[in-house]
Amino acid sequence: MTNGKGSKLLRYVEHRIRVTLHDNRTIIGTFLAFDKHLNLVLVDTEEFRSIKTKSAVIEEREEKRSLGLVILRGENVVSIAVEGPPPPEKRGRMAPGGPGVSVGAGRGMMPPGAA
């Protein structure tokens, strides 16, 4: 396994994570993938943002909206925190890790016994 941030983040694939962005928005979703730039792919995502009203009494409320599938640019990510473990049921979204398998597609190959 490689050293560095990649190997640490790999442990949390399919976990629920909370991502804080540069503009103080908070994104909570199921972590699917990342790359070397820390771009993140999240699914079942919700966005939370604080809205301050300017009135006689300073009031702050939090708005929530569902986003679904999201790709976050790594440049905007300030922090990542684990919200919870992966769901107990196996959804089958992710293929098991490890080296891929190469199988011929059948084009340009002689059928068995035709030679």
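1. Basis of the model. The model is predicted; local features need pLDDT of at least 70, side-chain atom pairs count only at pLDDT 80 or more, and totals for chains, interfaces and linings use all residues. Residues are numbered from 1 along each chain as its sequence is written, and side-chain values use heavy atoms, with hydrogens and water left out.

2. Overall composition. The protein chain contains one helix and five strands, where helices (H or I, at least four residues) and strands (E, at least two) are DSSP runs numbered from the N terminus. Along the sequence, the elements follow the pattern α-β-β-β-β-β. Of the 115 residues in the chain, 23% are buried; buried means under 20% relative accessible area, exposed over 50%, and partly exposed in between, with a 1.4 Å probe and protein chains only. Among contacts (heavy atoms within 4.5 Å) between residues at least 6 apart in sequence, 47% join residues at least 24 apart.

3. The five strands form an open sheet in the order 4-3-2-1-5, with antiparallel pairing; two strands pair if DSSP finds at least two bridges between them. Strand 4 and strand 5 (77-84) are the edge strands, each pairing on one side only. On average, neighbouring strands are turned by 30 degrees against each other, direction ignored. For such angles, axes are lines fitted to C-alpha atoms, for helices over the stretch in contact, and the angles run from 0 to 180 degrees between N-to-C directions.

4. Strand pairs. Strands 1 and 2 run antiparallel and are joined by five bridges; Val19 has Ile27 of strand 2 as its bridge partner. Seven bridges connect strand 2 with strand 3, again antiparallel, and Thr30 stands opposite Val43 in strand 3. These two strands form a hairpin with five residues between them, and Leu38 in the turn has a positive phi of about 65 degrees. Strands 3 and 4, also antiparallel, share twelve bridges, with Val41 opposite Ile71 in strand 4.

5. Nonpolar core. The largest nonpolar core holds twelve residues, including Leu9, Ile17, Val19, Ile27, Phe31 and Leu42. A nonpolar core is a set of buried Ala, Val, Leu, Ile, Met, Phe, Trp, Tyr and Cys residues joined through side-chain atoms within 4.5 Å. Strand 1 (16-21), strand 2 (26-34), strand 3 (40-53) and strand 4 (59-72) each supply at least two of its residues, and strand 1 gives the largest share, three residues.

6. Thr26. This residue is found in strand 2. Thr26 counts as buried because its relative accessibility is 14%. Leaving out residues up to four places away in sequence, Thr26 touches Arg18, Val19, Thr20, Glu46, Glu47 and Phe48.

7. Largest pocket. About 200 Å³ of space lies in the largest pocket. Eleven residues line this pocket, and Lys8, Leu9, Tyr12, Leu38 and Ile80 lie nearest its centre. Helix 1 (5-10) and strand 5 each supply at least two lining residues, with strand 5 giving the most, six residues. On a 1 Å grid over the protein atoms alone, a pocket is an open set of points where a 1.4 Å probe fits, with protein on both sides within 12 Å along at least five of seven lines; lining residues have an atom within 4 Å of a point. Grid points are joined across faces, edges and corners, and the volume is the space filled by probe spheres set on the points.
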